[in-house]
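These are my notebook entries from a first look at a structure that is new to me. I wrote down each thing I looked up, together with the cut-offs behind the terms.

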Amino acid sequence: MKAVITVTGKDSVGIIALVSSECAVYDANILEISQSVLSEYFAMIMLADVSRLKIPFGDFADKLNKLGAERGLDIHVMHEDIFNSMHRI
Amino acid sequence: MLNTSDILETINMIRQEKLDIRTITMGISLFDCVSEDENRLCDKIYDKITKTARDLVPVGEQIEKQYGIPIVNKRVSVTPISLVGGDISPEGYIKVAKTLDRAAAELGINFIGGFSALVHKGATKGAKNLISVIPEALAETNMVCSSVNVASTKAGINMDAVAEMGRVIKRAAYLTRDNSSMACAKLVVFANVPEDNPFMAGAFHGVGEPECVINVGVSGPGVVSSAIKRAGDCDLSALAEVIKRTAFKITRVGQLVAGEAAKRLGVPFGIVDLSLAPTPAIGDSVAHILEEMGLERCGAHGTTACLAMLNDAVKKGGVMASSHVGGLSGAFIPVSEDAGMIAAAECGALTLEKLEAMTAVCSVGLDMIAIPGDTSEDVICGIIADEISIGVVNTKTTAVRLIPAYGKNVGDSVSFGGLLGYAPIMPVNGYSPARFISRGGRVPAPIHSLKN
């Protein structure tokens, strides 16, 4: 099971480190990272394998969301199937 | 990896354009609850609903978290209560309504639908008893929704039932006069009612449905509106393609959520309802889609044509995205629940007559329309009869959800709160159809109902 982690907000030093260390804590294995700039905001997308997650998926999503809020970032974790369903036939 | 722009598009749809799953509705059969004893009937209904739908809200919340998409409502629909209650007393039917309300509160759901009767050809004793207490049942409960099917293309129009519904609507408005005549917002009069509709107030679990089923209603007017805006000044063929592609994406999310909910709850998946369901929030309006298509205001001449094209394109895009499509499926035009409709009604661009024309080409009918509180029963019956005729003759669902707001007149407005929104009181043609309505009887089924 894979999750898409999106991080948006104002650029600063250490965003990738922040998110990837949190992923490591809960055994989410990062598979790919890409960045993009859309409408003047920084956007980072990570694809992570969450099949061995130590905590329930919903709790993991909440943890990252809270971590982002503390740093003024918008972090969301979503199951990859929503993107596959919408964009692939 | 997934395409970055696809990911951002999906996220933008959810965050900025208010894409959501409007409802996961669990349909539950109550046929095995039948009992001669009212109290026993209520106990069995309460136990069946609370046991069957126990996990509906937690599972809905899990799915919301997993896919990062809001699921606005979790609801339950049940077998039309008049079929389960049989000839219990009118007071017994009120007891059942309160039981449904109690079960809904216990489950933490938003609405429960099915305080309903199917009387398109005539009313049983049970249906008559239930209909007679709809005003009291809705006034004394919070989450119970009621619907009455008064006509079908096969059976024609039961005008005695239409006449009765005029009285019921007026009384429901009066009993909730201190609360914006709120009971009327939970009551729909139908023609050709679908048996698998997940949307309130008209949802019930039809007689041909399985023991339990999951139906999902999608939303997304904001997504369609933004896509049309991005398309710019293209011609209508290109615009139809844009709408189809967008509807496909919206519906795929609905299908994903429906399948996942059915799997986790261990219940068969029923249908996805391909609907554009607005909310009063800015950027979530069907009227604004029509205006984005090129109308100065919703209600202008050309509105029916725009809505017809929109409705058709939504269906064409959506149908390939779901394995089973059903319910109402089409664009909704509830006045009080749509910021653009409210604005158009307030400035006089949108009239009751135009709304009636629009219902001939979209999925429901005259929906959430506030009219003066002193509108007579006969005029309300006339409005119902007109709207229902459109459904019967065109072999489609039509419905009427009118709020004759007690003590209010044109120039006033009435607020229902939450997703139900607020509505300006719209003027009504006051000439009387009383003699026509008082004739009673049945309007025969149209010739094209004879298809066999």
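**Entry 1: a glutamate in a loop**

I looked up B:Glu17 and found this residue in the loop of chain B between α1 (4-15) and β1 (21-28), where helices (H or I, at least four residues) and strands (E, at least two) are DSSP runs numbered from the N terminus. I noted that the model is a predicted one, in which local features need pLDDT of at least 70 and side-chain atom pairs count only at pLDDT 80 or more, while totals for chains, interfaces and linings use all residues. Residues are numbered from 1 along each chain as its sequence is written, chains are lettered from A and ligands numbered from 1 in the order in which they are written, and side-chain values use heavy atoms, with hydrogens and water left out.

Is B:Glu17 buried or exposed? B:Glu17 has a relative accessible area of 7% and is therefore buried, a word that stands for under 20%, with exposed meaning over 50% and partly exposed in between (1.4 Å probe, protein chains only). Leaving aside residues up to four places away in sequence, I listed the residues that B:Glu17 touches as B:Asn12, B:Gly222, B:Val223, B:Ser226, B:Arg230 and B:Gly283, a contact being heavy atoms within 4.5 Å.

**Entry 2: helix α6 of chain B**

I then turned to helix α6 (residues 125-132) of chain B, whose buried residues are B:Gly126, B:Ala127, B:Asn129, B:Leu130 and B:Ile131. These buried residues pack against several elements of chain B, among them the helices α5 (90-107) and α8 (159-175) and the strands β3 (111-118) and β4 (144-152).

**Entry 3: cysteines**

How many disulfides are there over all chains? The count comes to zero, with a disulfide taken as a pair of cysteine sulfur atoms within 2.5 Å. B:Cys145 is in no disulfide, and the nearest cysteine sulfur, that of B:Cys184, is 13 Å away. I also recorded that B:Cys145 counts as buried because its relative accessibility is 2%, and that A:Cys23 counts as buried at 0%.

**Entry 4: chain B as a whole**

Finally I stepped back to chain B, in which there are 16 helices and 15 strands. Of its 452 residues, 61% count as buried. Among contacts in chain B between residues at least 6 apart in sequence, I noted that 79% join residues at least 24 apart. The C-alpha atoms of chain B fill a box of roughly 60 × 50 × 50 Å, taken along the principal axes.
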